[in-house]
Amino acid sequence: MRRTRKCVAVAAAAAAALTLAACGSSGSSSGGNTGNSKITLTWWSNANANPLLGVFQSLAKSYHASHPKVSFTYVPIQNEQYDTKIQVALQGNNPPDIFFQRGGGFMATQVKSGKLANLKPLDSKWIGELGSLAAAWQVNGGQYGVPYDQHTVGFWYRKDVFARAGITSPPTTMPQLETDITKLDAAKVAPIAVGSKDQWPDAFYWDYFAVRECSIATLKTAVKAVSANYPCFLKAGSDLTAFMATNPFQPAFLNTPAQVGAGSSAGLVADGKAAMELQGDWDPSVMEALAPNKKFLSDIGWFPFPAVPGAPGNSQVLLGGGDGNSCSASAPEPACADFLAYLESASAQKLLVSTANVGLPANPSASSALTLPAEQQILQAGQHTPYIQEYFDLAYPTNVGTALDAAVADLFANKGTPQSIVTAIDQAAARQ
Amino acid sequence: MTELRGSATAAAATPAAAVAPPAPRTGLRRRPGRRKFIELVVLLGPALVLFAGFVLLPICIAAYYGLFNWSGYGPVSDFTGLHNYRLVIDDPVFRESLLHNVIIGVLSLVIQLPISIAIALLLNRRMRGGSFLRTAVFAPYVVSQATTAVLWLLLLEPGGFVDQLMKAVGLGGLVQQWLADPTIVLYTMFVVLTWQFIGFGVILLLAGLQGIPPELREAAGIDGASAWQTTRRIILPLLSPTIRIWIFLSMIGSLQVFDLVWIMTLGGPANASSTMVTYMIFYGFHSLEFGYGSAAAVILFIISFAFAFLYQRFALRRDTAGALTRAVR
């Protein structure tokens, strides 16, 4: 759900705070240990549309059934409004007890508020079981959030459209992809759809070229140093410039949204007007919400970002991230952390994966719930990769991430250069 | 009463006082003064408190935050002086955004104003369906900017209504990527802004026109003035106070353009349609650089305030001094 903006006109839904389970239960969270009193946990989430909205509500009800003293006030907030609202709430004195979290630099920026609970001192054995996935959600040794899913970015494509253009198998190298772009052009279909209006989908391309050009050690160092001043990042910009010269995208892509409306990049692929899209594993669920005819789902396939010939980076490294939750420092404990642990349980994870299509589960034991062949393919890619690089715009602190997105968007609009992207990142880092 | 008596006694005490104007009846004056003061406090007080709390205080707070490097989280402690202000002013994107505001303002003057005057003059005549036409012209102004933005997003989609319409009337060759081409997106935005706000100008000017006595037009007609001469020499000069108000509101509006742009293009592609407010929002809320965004906000305020002040001082002042009566004389 990291960027699932599938909820086109659901702002109205966001306005409604749904009180779940035991509406009549008395008491409210006031921080600290809960003892035996009844408590209500306020939960802010960007899941404001089904199926994830319903699954979260159902999980809250289930938890309440087994913990009658704990009930929930679930507040769905539209994704684009969420960042502003949580920022204001964390500056105030009454932040929500549980709130949606993206991890990385986004979370590190929030930690500065001093309002996020460090879950590590609590009973956190369950966090350790999540392995490196949860370890990536630490700031200065503190565990300030935990992911409930993990995402991988790759190409989602229409098998039927590929077949119509005479493409028999998905490309594994960039030259092959460029050949396929030519074939798709000849077949009068937009080869690749991209939602450049939102900027972050553009950044996926630069991110992946950087992942292909840089060693894993350099990637880690760059994020830690909040810098992109390495030759491989410049090379990534050059690769992207060369790729842009093949005109791979749909007409008017610069003002196409990623996930809102039938004219979005996801909508174009769902409608067969574009052949593929570089997106996270949430993309099929976004397409499903946008397409009146769900038949296309059987024609959807996935392939990883192709290898760049001669690039020194590991071609099996993936780009990804995850969605999760944090507890505020004032949330009643251990109730809040216990509920986050419940979300990581095999049963909850299976529900999230099978019903809400959140992507890959954070808890590997729920992987059996993945049913789509493409999901199994992503799972295997994840098992074979030596490293998953978090999307740079989230791995870096927020202002650096947005500067990166904007600079790549400039390059897409033919106004930027490989150097201007690196410069924008370093200038934003200097404003830290 | 004691105060009155005291005053009378003092007046009689010296001869000079006998020829001097009557001593002020201080007791009687003080009471209405006090009453006036209480009236002022009661009537102006709440408004002043609200104005101070919701206008002056936020401006001061923004100016203060602008002096810090602050992400919106944690204490406001990293003092950087005027560094943020310098960065904003030096940023080519901010200058580009300011230029876009100026372009919108100039285009409003050059295009919207003449169109508004022409429509207002037309609608000021007695004609069948005049009320309907007035309502039709004003209707877009009533629609919220968010609705307008979504409506035009759909109309301007590639292959959408506008493209199809142009093709249908043989103008297919002129079809553009209205919102995706950095060279024309700002002008597309201006068309949408014009569609939305022209009704406001027309209604304002209509109100001004209806305040002009019809006798003047009739007298000019009797004197042999043509319709154009009457409009040029009589109507427009008498309408100029309203026009000056429209210019003032339009320029301030041009400096503050946000909603339509944010929804339709997010200021893109590549900042081609950004404005000072989209710039401020981007850095403040999107990029979580509240200190930097606050500095941008303060600069925007200073520019708007300077314009408003100078315009009031040099353009609107004559209206408050009775330009209308002078013009009639």
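**Disulfides, rings and backbone**

The torsion about the S-S bond of A:Cys327 and A:Cys336 is about -100 degrees, so this disulfide is left-handed. Before going further, please keep in mind that this is a predicted model. The sulfur atoms of A:Cys327 and A:Cys336 are 2.1 Å apart. Both A:Cys327 and A:Cys336 are buried.

How many disulfides does a search of the whole structure find? Over all chains, the count is 2. Another disulfide links A:Cys214 with A:Cys232, with an S to S distance of 2.0 Å. The link of A:Cys214 and A:Cys232 has 100 degrees about the S-S bond and is right-handed. A:Cys214 lies in the loop between helix 9 (200-213) and helix 10 (216-225) of chain A, and A:Cys232 lies in helix 11 (residues 231-244) of chain A, so the pair ties together parts that are 18 residues apart in sequence. A:Cys214 and A:Cys232 are both buried. If the bonded cysteines of chain A are numbered in sequence order, the pairing reads 1-2, 3-4.

Staying with chain A, the loop between helix 10 and helix 11 holds A:Val226. Phi of A:Val226 is near 50 degrees, which is a positive value in a residue other than glycine. Is A:Val226 buried or exposed? Its relative accessible area is 18%, so A:Val226 is buried; the cut-off for buried is under 20%.

B:Leu288 is in the loop between helix 13 and helix 14 (290-320) of chain B. With 7% relative accessibility, B:Leu288 counts as buried.

Next, the cis peptide bonds. One joins A:Glu333 and A:Pro334, with omega of about 10 degrees. A:Pro334 sits in the loop between strand 15 (332-333) and helix 14 (335-343) of chain A. In chain B, the bond from B:Gly268 to B:Pro269 is cis, and omega is near -5 degrees. B:Pro269 is placed in the loop between helix 12 (259-264) and helix 13 (276-286) of chain B.

Now the aromatic rings. The whole structure has 56 aromatic pairs over all chains. Ring pairs link a cluster in chain A whose members include A:Phe155, A:Tyr157, A:Phe303 and A:Phe412. What is the bridge partner of A:Phe155 in strand 12 of chain A? The partner is A:Phe303. Strand 9 (residues 149-158) and strand 12 of chain A pair in the antiparallel sense, over 4 bridges. From strand 12 (residues 300-303), A:Ile300 and A:Trp302 point one way, while A:Gly301 and A:Phe303 point the other way, and all are buried.

Charges also sit over rings. The charged end of A:Arg102 is over the ring of A:Phe106, 5.1 Å from its centre. In chain B, B:Arg313 lies over the face of B:Phe314, 5.2 Å from the ring centre.

Last, two helices of chain B. Helix 9 (residues 185-210) has 26 residues and reaches 37 Å from its first C-alpha to its last, close to the expected 38 Å. Where does helix 9 of chain B bend by about 40 degrees? The bend is at B:Phe197. Helix 7 (residues 145-155) of chain B contains B:Ala149. B:Ala149 has 0% relative accessibility and so counts as buried. Its C-alpha is separated by 7.9 Å from that of B:Val261, 112 residues apart along the chain.

Methods:
Residues numbered from 1 in each chain as written. Chains lettered and ligands numbered in written order. Predicted model: local features only at pLDDT ≥ 70, side-chain atom pairs only at ≥ 80, totals over all residues. Heavy atoms only, no water. Phe/Tyr/Trp six-rings, centres within 6.5 Å; stacked < 30°, edge-to-face > 60°. Lys NZ or Arg CZ within 6 Å of the ring centre and 35° of its normal. Buried < 20%, exposed > 50% of the residue type's maximum accessible area, 1.4 Å probe, protein only. Pairing = 2+ DSSP bridges. Expected span 1.5 Å × (residues − 1). Bend = angle between axes of the 7 residues up to and from the residue. Disulfide = S-S within 2.5 Å.
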